[in-house]
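Hi,

Here is the structure I promised to pass on. Have a look first, and my notes follow below.

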Amino acid sequence: MRIIRTIVELREAVRDAKRRGESVGLVPTMGAFHDGHLSLMREARQNTDLVVVSLFVNPTQFGPNEDLSRYPRDEERDAAMAEEHGVDILFAPSPAEIYPDGFATTIHIAGITDVLDGAIRGAHHFDGVATVVAKLFGIVAPDVAYFGQKDAQQVLVVRRLVRDLDLDVRIEACPIVREADGLAMSSRNVYLDPDSRQRATALNRALDAAAAAVERGERDAAAIEDAARRILADAGIEPEYLELRDAETLHPVARLDGEALLAVAAHVGAARLIDNHILRSADKGDDV
Ligand code: AMP
């Protein structure tokens, strides 16, 4: 596996691969790898010839009071894990390589960024995400890019970016990878002390409770959300949001009819955690 730090070298490596007729897969990450990241790498390894993983803790998607400075970083460990998973190139640029002096462009995607994490973290968050992802697509020119459904709103933002700017890349969303007790894997889980780690399982249990309510026939959005809210309350967790929304537009839904996204965010101890389930009202083969 090569570790590449400059755009020029990365482009050269990709150009060589494309000349050989190889397809290119990109997995954008901020590092501190866990099985969620590795599942994306596995998917890329199976489906594309040249697998590029980017490792860049993107400063523009963090707010002034967020965890940029303490975000977990361990490039050596990440590089070893990526290599073990058959990654060809780890692209680990410096902030100055991505945002040189004079950098002046921001991509803002309207509508779907106004709600959920966009409402709580502020517009800068998804502006930062969209801008860096657009840059990574420009630098790597991947055929396929892999994202986790863990960040469901981010997947929608990236899909909208690709559609609106006619970017020639296919977006693959991969399922949420969880710990044995259901906690969605996240680089931020390292912030959890033992008590918070235990309480954090309430997020997924709350989503499960909502899914169970749906299975029992509940269709009213407020009642579905309440089923989840009760589990959080039992764990002493006050969510930043817990909302059932259209899985494509993120518009609020009053009743579950077909498919919807139940998304939650909450501070648990020192960590801000997010999770989500897709809920379906279909009668048969319900995979909620
Ligand atoms: P991050 O390094 O947190 O920016 O995540 C990089 C990519 O991994 C994003 O597309 C995330 O959605 C994805 N990811 C993070 N956690 C998980 C998880 N538990 N399961 C699946 N994908 C994940």
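Buried here means under 20% relative accessible area, exposed over 50% and partly exposed in between, with a 1.4 Å probe and protein chains only. Bear in mind that this is a predicted model: local features need pLDDT of at least 70, side-chain atom pairs count only at pLDDT 80 or more, and totals for chains, interfaces and linings use all residues. Residues are numbered from 1 along each chain as its sequence is written, and side-chain values use heavy atoms, with hydrogens and water left out.

S39 sits in helix α2 (helices are DSSP runs of H or I, at least four residues, and strands runs of E, at least two, numbered from the N terminus). S39 counts as buried because its relative accessible area is 17%. Its C-alpha atom is 7.8 Å from that of C174, 135 residues away along the chain. The buried residues of α2, among them H37 and L38, pack against β2, β3, α3, β5 and β6 (contact is heavy atoms within 4.5 Å).

Now the ligand. It has 18 residues around it, and M30, H37, D151, V177 and M185 are the closest (near means a heavy atom within 4 Å). The side chain of H37 puts an N or O atom 2.8 Å from a ligand oxygen. For M30, a backbone N or O atom is 2.9 Å from an oxygen atom of the ligand, while for M185 a backbone N or O atom is 2.9 Å from a ligand nitrogen.

Cheers

Note on methods
A polar contact is a pair of N or O atoms within 3.5 Å; within protein, one must be able to donate a hydrogen and the other to accept it, and residues adjacent in sequence count only if both atoms are side-chain atoms.
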